[in-house]
Amino acid sequence: SDGNAIIAAIKAAAVGGTSSATQGGITFRAIDKFASGPNPIEQTGDISLFSPWGPDPELYGVPSVMAPGSMILSTYPTNMGSYAELSGTSMAAPYISGIAALVLEARKDQLDSRKDVKYLIAQTAKPQASTRSASVGRSPLRQGNGYVDAYAAATYCILADRESISLNYTTSTKQISKQFTVRNICSSKSAVVTVENLAAESVTQLDAEGHYIGGINVDVAHGANVFIKNLPESNSFDLSPGESFTVEFAVTPPEYDDNGEEWWFFGGYLFLTAKYGDGSSERSVVRYTGFKGDYPEYPYFSNDPLLAPQLYFGNEVVSEDEEYTLYDDSQFTLKYNGIRPSREIKIQIMTYSPEEGGGYYAWFPFGWHKYAGTNPDYTNPARVFLNTTAYKTADAKVARRIEPGAYRAKIHALKLFRTPGSKEGEDYYMWWSTPFTVKDVITSDDN
């Protein structure tokens, strides 16, 4: 009844132009604000340019889905115009939250856990085809399971016990066996479910020697093959209301034509097409992702000069030959790009001595990141700033004033599949800045 009241009020307000209308105790005012252009997902089927993409540091495929988040007409502070076109997670997240609310309202008696809500939203999404070949899907690392479908999430009957499957990494083409369980959550509809594979494009940011290429290479000629082990003939099974079935399958990784090491992310989609006795059908999807190559050796820092870390004082690159005086408004800026995710980034200031090498001095402000995503775009590096204050602790709770002396900046990036907080050395990639000298520190407290 609340929904009907809202719809009626919106319609009444729209008829009245910019006048307001009240229905069921709810007042609406029609506005003449409209978005100026199409949403990028609807226009191209691709993620926005500012969106990061997977995998995560443990090689699980992210994101889960795509949702509208670019050029969204949204409310805004009244003193700034009341409405504005905004972009980002703050626009896409409410869209997903709304779908989750619909699913909970429509299916609260059918779901076993909150995870089921997430799985329904992801599994009923629509994967987009590659722009290079309509016969393969776009990489799951760039779209997850595809473009969300609110109606499908609120009505489809077939639910798997996961949205994605990680194949980890491999240096061979040996089959990788996995399984997942599917159940019929509807109470009155029996289905015949058919499992089909759609291979996705492969993507990489490295050349055959493991060097960052400054972009993304896409391969549509080599896809993973999938064999359904316990459905060798028809790839189909019957599923009555409330019943479950475990799908056992094997994936054969692609074999590429590189003249050197292989550094390819591959994957695809297992479609679950359910056909019902009344002639209707629906199609859900579970994605799978893997890496062909020695993933633990995938570098964090790029050898590209545009992407290599760099320390600045103001707008100038820090020089070993200069001596710097710090004031309240002075600022060192450390810019760096990660070409793959890391579970832990530590950024510290180290004392420096040509004879003794130096040791730990302090942390950069907010120089400890428990999770760092990928930001290989040199125009948008990660940044940390240092003025006259550093910190004794990683959580930036105990301040420490910078004293005159010689220093270097140091970045630790945890390697893949290593444990955060482990000892330095082989568990971390490390980068050191040029040594620099702070001649004097003058703050307002000195006056």
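Predicted model: local features only at pLDDT ≥ 70, side-chain atom pairs only at ≥ 80, totals over all residues.
Local features need pLDDT of at least 70 and side-chain atom pairs count only at pLDDT 80 or more, while totals for chains, interfaces and linings use all residues. Residues are numbered from 1 along each chain as its sequence is written, and side-chain values use heavy atoms, with hydrogens and water left out.

Start with the open sheet, which has four strands in the order S5-S7-S13-S11 and antiparallel pairing. Strands here are DSSP runs of E with at least two residues, helices are runs of H or I with at least four, and both are numbered from the N terminus; two strands pair if DSSP finds at least two bridges between them. Strands of a sheet pair through backbone hydrogen bonds, either parallel or antiparallel. The edges belong to S5 (158-160) and S11 (225-228); each has a single partner strand, so one side of each is left without a neighbour in the sheet. On average, neighbouring strands are turned by 35 degrees against each other, direction ignored. S5 and S7 (residues 176-184) run antiparallel and are joined by three bridges, with Ile 158 opposite Asn 184 in S7.

Helix H4 (residues 114-123) packs on this sheet and touches S5 and S7, its direction making about 110 degrees with that of S5. Contact means heavy atoms within 4.5 Å, and the angles, from 0 to 180 degrees, are taken between N-to-C directions of lines fitted to C-alpha atoms, for helices over the stretch in contact. H4 is mostly covered, with seven of its 10 residues buried. For burial, the cut-offs are under 20% relative accessible area for buried, over 50% for exposed and anything in between for partly exposed (1.4 Å probe, protein chains only). The buried residues of H4 are Asp 116, Val 117, Tyr 119, Leu 120, Ile 121, Ala 122 and Gln 123. They pack against helix H3 (89-107), helix H6 (150-155), S5, S7 and strand S15 (281-292).

A search of the whole structure turns up one disulfide (a pair of cysteine sulfur atoms within 2.5 Å). Cys 157 and Cys 186 form it, with their sulfur atoms 2.0 Å apart. The torsion about the S-S bond is about -90 degrees, so the disulfide is left-handed. Cys 157 sits in the loop between H6 and S5 and Cys 186 in the loop between S7 and strand S8 (191-199), so the pair ties together parts that are 29 residues apart in sequence. Both cysteines are buried.

Most residues other than glycine have a negative phi, and most peptide bonds are trans. Gly 54 and Pro 55, however, are joined by a cis peptide bond with omega about 5 degrees, and Pro 55 is found in the loop between helix H2 (40-44) and strand S3 (72-75). Met 71 is placed in the loop between H2 and S3 as well; although not a glycine, Met 71 has a positive phi of about 55 degrees, and its relative accessible area of 31% makes it partly exposed. Ser 82, in the loop between S3 and strand S4 (83-86), also has a positive phi, near 75 degrees, and counts as partly exposed at 25% relative accessibility. A glycine case comes from the hairpin of S9 and S10, with five residues between the strands, where Gly 210 takes a positive phi near 85 degrees. S9 (residues 202-206) and S10 (residues 212-219) pair in the antiparallel sense over four bridges, and Thr 204 stands opposite Asn 217 in S10.

The structure holds 20 aromatic pairs, counted when the centres of Phe, Tyr or Trp rings (the six-membered ring for Trp) lie within 6.5 Å; planes under 30 degrees apart are stacked, over 60 edge-to-face and the rest tilted. Tyr 256 and Trp 264 have ring centres 5.1 Å apart and planes at 20 degrees, so the pair is stacked; both residues are buried. Tyr 324 and Phe 332 are edge-to-face, at 5.7 Å centre to centre and 75 degrees between the planes, and both are buried. One aromatic cluster is formed by Tyr 169, Trp 263, Phe 265, Phe 291, Tyr 295, Tyr 298 and Phe 417.
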